[in-house]
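Hello,

Here is the structure I promised to pass on. Please open it alongside this email; my notes follow below.

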Amino acid sequence: MNSATREAFGAALVELGAMNPDVVSLDADLAGATKSAGFKKAFPERFFDMGIAEADMVSTAAGLASAGKIPFASSFSVFIVDRALDQVRNSVCYPRLNVKLVGSHAGPSCGEDGGTHQAMEDIAVMRSLPEMCVVVPADDVEARAAVLAAAEYDGPMYLRVARLASPTVYNADSYSFDLLHGDIICDGDDLTIVACGMMVGRALEAADLLADQGIRATVVNMHTIKPIDAELLEECARKTGHIITVEEASVVGGLGSAVCEVLAERYPVPVRRIGVPDVFGRSGEGSQMLDYYRLNKEHIVEVAHEMLGR
Amino acid sequence: MQYDLQAITKQMRIDIVESVNAAGCGHPGGSLSAVDVIATLYFKHMNIDPANPRWADRDRFVLSKGHAAPALYAALAERGYFPREDLITLRKLDSYLQGHPNMNDTPGVDMSTGSLGQGLSAANGMALAGRLDGKDYYVYVLLGDGESQEGQVWEAAMSAAHYKLDHVIAFLDLNGLQIDGSNDEVMSLGDIAAKWRAFGWEVIELPDGNDCNEISVAITRAKATVGKPTMIICHTVKGKGVSFMENAVEWHGQAPKGELAERALADVHAL
């Protein structure tokens with residue numbers, strides 16, 4: 001437990017491979033880093049290294065899917081989302097093929113590799129594509145569940161996983177993942193914190209601090225950003241009147257934007273977006289980068305105070 | 001069943017001119033150059049069932065140069081996938097014949113294409129799936145010459161050789177022209193046969209890539225090739241069959257209008 005979501009992805013893929021012979025894996029010379037290497041070892045005949053050629057990898061995955069396979073194509077998020085965007089759009093989403101794209105090392109927590117490698121825009125870009133489902137698991141327990149759910153879901157999916165290990169939020173024995181519904185982890189009437197990915201854990205820490213100060217926060221894990229659980233968002237807006245979104249991604253077009261889009265049309269309430277500002281990243285240790293962009297409980301608490309005027 | 005390929009290719013050229021005329025736009029030049037490869041595949045070599053377009057064991061065809069959709073649609077209609085009368089709905093709102101092929105709109109289309117450079121990768125994926133499933137189907141893919149300027153084509157060329165995909169058989173529609181001019185004016189392909197050989201492919205070069213007999217012999221040879229993919233380089237005539245379109249770059253991406261539309265139709269009827 002407390003392992004990176006990429007580790008959980010790798011382990012779950014092996015689990016899936018044993019259950020379903022149609023599951024295949026492709027990687028672009030990063031199997032060791034994305035953790036698809038476990039599948040490569042367990043099922044070498046169903047693993048395809050495509051070399052450092054992400055465009056070819058994504059369209060090849062589309063061809064495999066057209067013939068009934070369930071391909072998981074993995075690489076760093078920047079290379080799948082940005083370099084192979086045309087292939088994701090035209091080979092996968094346009095024909096609605098059953099391809100699972102796994103982008104690892106997403107966000108500033110990618111760390112030392114720096115600005116070229118930290119995908120800040122991946123959620124925004126992927127959710128703008130018709131037919132694409134976008135999932136950002138909160139921890140290792142949910143990452144495993146999301147990988148298993150991905151194989152059951154028929155259609156294109158982008159699964160965002162992280163390089164950096166983060167605290168486990170869910171109990172592996174009791175957690176039941178529901179792809180199309182956000183998860184209310186704690187309940188309160190004063191405000192709602194909507195988070196995704198490793199920010200869910202930090203949102204819970206912030207909620208604890210706020211509780212000590214007599215402010216009761218609802219925390220929603222919005223693991224699936226597209227299609228987003230609009231009913232749940234409206235319900236939270238009605239109940240708490242204040243929304244804070246927290247994501248380890250650009251505030252341009254990501255979770256915060258998706259929440260604002262829903263609420264602006266259904267039940268407008270004040271929203272504050274916490275995320276990476278509209279900038280490229282830089283080198284630094286992963287957890288250090290989270291603090292550098294103020295993706296931490298202290299900042300969430302501060303924003304809550306500003307919003308509530310107390 | 002034996003088809004008369006001369007009659008088929010003539011009818012396909014009529015279909016192409018009629019549908020592009022009706023659409024008032026489209027890509028007649030590269031559709032007409034590709035007719036003979038597509039006809040030879042659909043009417044002589046491919047193991048397919050028009051009544052069951054998604055039959056799992058079928059041979060597949062990927063039109064990587066998706067703008068030649070009118071040629072593919074003509075073949076599918078003549079082969080019985082859908083009514084020939086529908087061809088004139090090409091590119092119209094509510095039609096299932098999109099400007100570039102979409103597998104979910106049109107029965108018989110095996111892969112959506114249109115953004116150049118992606119088809120060979122998809123074909124490789126289909127062949128890998130076939131191998132995993134112990135199936136013996138072939139995957140045919142048609143690339144354009146201008147399309148060969150896309151880097152992904154060469155990524156896929158490397159992959160097909162790496163995975164020894166001898167059930168991938170590719171064709172290059174080498175008519176020498178692309179939208180903005182000749183290949184040599186826009187971006188020279190150089191010794192294209194040598195390039196494919198260097199990537200580990202078996203290469204067959206057809207001096208007359210509009211000759212169905214030559215194409216058929218090459219396909220038979222390609223199917224007998226073991227352990228590597230085959231590229232059949234077809235030297236074709238862009239606009240083949242319409243006198244004023246032949247080897248004329250301006251008919252890459254526009255439909256003839258008025259009197260020229262009539263002349264185009266008369267030309268293909270006279271074939």
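Where in chain A does A:Lys35 lie? A:Lys35 sits in a loop of chain A, between α2 (31–34) and α3 (37–42). Look at its backbone when you get there. A:Lys35 has a positive phi, near 80°, and is not a glycine. Most residues other than glycine have a negative phi, and most peptide bonds are trans.

Before you go further, note that this is a predicted model. The predictor gives the complex an ipTM of 0.97 and a pTM of 0.97. Chain B has an average pLDDT of 98. In chain B, 100% of the residues score at least 70.

**Chain A overall**

Chain A contains 13 helices and 12 strands. Its C-alpha atoms fill a box of roughly 60 × 40 × 35 Å along the principal axes. Chain A has 310 residues, and a compact globule of that length would have a radius of gyration near 19 Å. The value for chain A is 18 Å, so it agrees with a compact globule.

Chain A also has a cis peptide bond to look at. The cis bond joins A:Lys226 and A:Pro227, with omega at about -10°. A:Pro227 is in the loop between β10 (224–226) and α10 (230–240) of chain A.

**Where the chains meet**

How many residues of chain A are in contact with chain B? The contact takes in 24 residues of chain A and 25 residues of chain B. On the chain A side, α4 (54–66) and α6 (85–93) each supply at least two residues. Helix α4(A) gives the most to this side, with 9 residues. By class, the chain A side divides into 10 nonpolar, 9 polar and 5 charged residues.

These two helices of chain A also pack against each other. The axes of α4(A) and α6(A) are 9 Å apart, at an angle of about 10°. Angles under 35 degrees count as roughly parallel, so α4(A) is roughly parallel to α6(A). From α4(A), the contact uses A:Ala55, A:Val58, A:Ser59 and A:Ala62. They meet A:Gln87, A:Val88, A:Ser91 and A:Val92 in α6(A). The contact of α4(A) with α6(A) has 5 nonpolar residues, 3 polar ones and no charged ones.

**Chain B overall**

Chain B comes to 9 helices and 7 strands. Along the principal axes, the C-alpha atoms of chain B fill a box of roughly 50 × 45 × 35 Å. For its 271 residues, a compact globule would have a radius of gyration near 18 Å. Chain B has 17 Å, which agrees.

**Two helix pairs in chain B**

Start with helix α4 (residues 119–132) and helix α5 (residues 151–162) of chain B. Their axes come within 8 Å and cross at roughly 25°. That is why α4(B) and α5(B) are roughly parallel to each other. The crossing of α4(B) and α5(B) is left-handed. On α4(B), the residues in the contact are B:Leu120, B:Ser121 and B:Asn124. On α5(B), they are B:Gln152, B:Val153, B:Ala156, B:Ala157, B:Ser159 and B:Ala160. Sorted by class, the contact of α4(B) with α5(B) has 5 nonpolar, 4 polar and no charged residues.

Now take helix α2 (residues 28–45) and helix α8 (residues 212–223) of chain B. Are they parallel or oblique to each other? The axes of α2(B) and α8(B) come within 9 Å and cross at roughly 60°. Helices α2(B) and α8(B) are therefore oblique to each other. Their crossing is right-handed. Helix α2(B) brings B:Asp36, B:Val37, B:Ala39, B:Thr40, B:Lys44 and B:His45 to the contact. Helix α8(B) brings B:Cys212, B:Ile215, B:Ser216 and B:Ile219. The contact of α2(B) with α8(B) has 5 nonpolar, 3 polar and 2 charged residues.

Best wishes

Notes
Residues are numbered from 1 along each chain as its sequence is written. Chains are lettered from A and ligands numbered from 1 in the order in which they are written. This is a predicted model: local features need pLDDT of at least 70, side-chain atom pairs count only at pLDDT 80 or more; totals for chains, interfaces and linings use all residues. Axes are lines fitted to C-alpha atoms, for helices over the stretch in contact, and angles run from 0 to 180 degrees between N-to-C directions. Helices (H or I, at least four residues) and strands (E, at least two) are DSSP runs, numbered from the N terminus. Angles under 35 degrees count as roughly parallel, over 145 as roughly antiparallel, 65 to 115 as roughly perpendicular and the rest as oblique. A crossing is left-handed if the near helix is turned anticlockwise from the far one by less than a right angle, and right-handed if clockwise. Two residues are in contact if their C-beta atoms, placed from the backbone, lie within 7 Å. Ala, Val, Leu, Ile, Met, Phe, Trp, Tyr, Cys and Pro count as nonpolar, Asp, Glu, Lys and Arg as charged, and the others, Gly among them, as polar. pLDDT is the predictor's confidence in each residue, from 0 to 100. The radius of gyration is taken over C-alpha atoms; the globule rule is 2.2 Å times the number of residues to the power 0.38.
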